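Let me put the model up, and then we'll walk through it together.

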Amino acid sequence: MSSTRARWAGIAAITAVCAVAGGGVAVADEATGSISGLVWNDRDADGAVGEGDGVLWDAYVEVHRPNGDWVTWQRASYDGTYTISGLPEGDYLVTGGKYGFASTTRSVQRVVVTSEGVSGVDFGARGGQITGRIWHDVNEDGVRQDDEPGLVDALTYVASLHSQESWRQEADGTYVVYDLEAGSHVFSTPSRSTLARSPKGAGDDPERDSDFERTGVSETVEFRVVGDQVLPVGGPVVLDVGYYVGVTHGALTFTADRDTTDLEVGDTVVLTATAAYTGNAIDTYGVSIDLPQGLTEVSVTQDGWLRETYGGDPHIFLRRSWDALEPVTSTFTITARVTAPITSGLVTGKLNNSSYLADWDLIRASLPVSATS
Ligand SMILES: [Ca+2]
Ligand SMILES: [Ca+2]
């Protein structure tokens, strides 16, 4: 033992300057060996690689001396395997896992490296999970009735905004999101054209309501490592989401404060437009308006609309909000001046930005204008 201890002391000084990228530790004139193994995603925490387990992205292995001195580290390969070579013979403590995951095996293993190497130094780790159900809220009431089926659709899923996790869904719409790291997660379920999200928290049965905002995000859920699990703080988390067929109807009208077919250069005209939306979904709303050549914008009174400008683009773009809203009816005015003769022109407008707009034919409006010098 004394000779071994003496060798450690010498090696500690050498390894301090000889640690090389890739996890090898080069030491001249020493017999060296390697440590190899697997870091895997032990989802069922049984300590064995089995069906349903998986690979771990960004798994790490660290090697220390028994006295705690750091030797080297390595990121495991994509398949979870690792080999740290060039280690001087002797005792080591090997730590493996994934940051934010819980260890399902001993997270520190003591090994004796000889020139033949040590293999099978394996580590299991797993993340946390949430469950829930995506369902087709046929009657749009935000409550999952018994006759409303699960919704299984490639474009509707639940995912964390903050990590790479995995997802599995059953035919009844129930799902599991797993491999979640410790820390904060906000879950989202994506926008889906034609499918709108049910209102959150409807009814009085928390097992049958929808748990996402209508914009598609959940409350923040904190996870922490507890033993061999990564658990939500405050207990298991179930996040259901209902979808129904969303439809928005829109209508756009223009009126003018004077006859627009008999204008002269220098005249001013005030156009009043009303965009009226109805429907069963929260949605986004926008309007774009074109003035004919010769009719020049003087001002736009926006009545709560946001004006979007794109460089020198003469179009008038109005957006109701960057968020999805309940259907709105809103009026705005455009004051314009005739700055040149207009031979045959139209003021045209159309509704846009909507995710659920059904009746595209009704969303265009036009007002004939003409002017002479
Ligand atoms: Ca397992
Ligand atoms: Ca329902």
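So, let's start with contacts: in the protein chain, 69% of those with a separation of 6 or more are between residues 24 or more positions apart. Contact here is when two C-beta atoms, placed from the backbone, lie within 7 Å.

Quick housekeeping. This is a predicted model, where local features need pLDDT of at least 70, side-chain atom pairs count only at pLDDT 80 or more, and totals for chains, interfaces and linings use all residues. Residues are numbered from 1 along each chain as its sequence is written, with chains lettered from A and ligands numbered from 1 in the order in which they are written.

Now, overall shape. The radius of gyration, taken over C-alpha atoms, is 33 Å for the protein chain, while a compact globule of 373 residues would be near 21 Å (that rule is 2.2 Å times the number of residues to the power 0.38). Along the principal axes, the C-alpha atoms fill a box of roughly 110 × 55 × 30 Å.

What's it built from? One helix and 28 strands, counted as DSSP runs: H or I of at least four residues for helices, E of at least two for strands, numbered from the N terminus.

One sheet to look at: it's open, with five strands in the order S12-S13-S10-S18-S15 and mixed pairing; pairing takes at least two DSSP bridges between two strands. At the edges sit S12 (166-169) and S15 (195-197), each pairing on one side only. Inside that order, S10 (residues 128-136) and S18 (residues 241-245) run parallel over three bridges. Look for Trp135, opposite Gly242 in S18.
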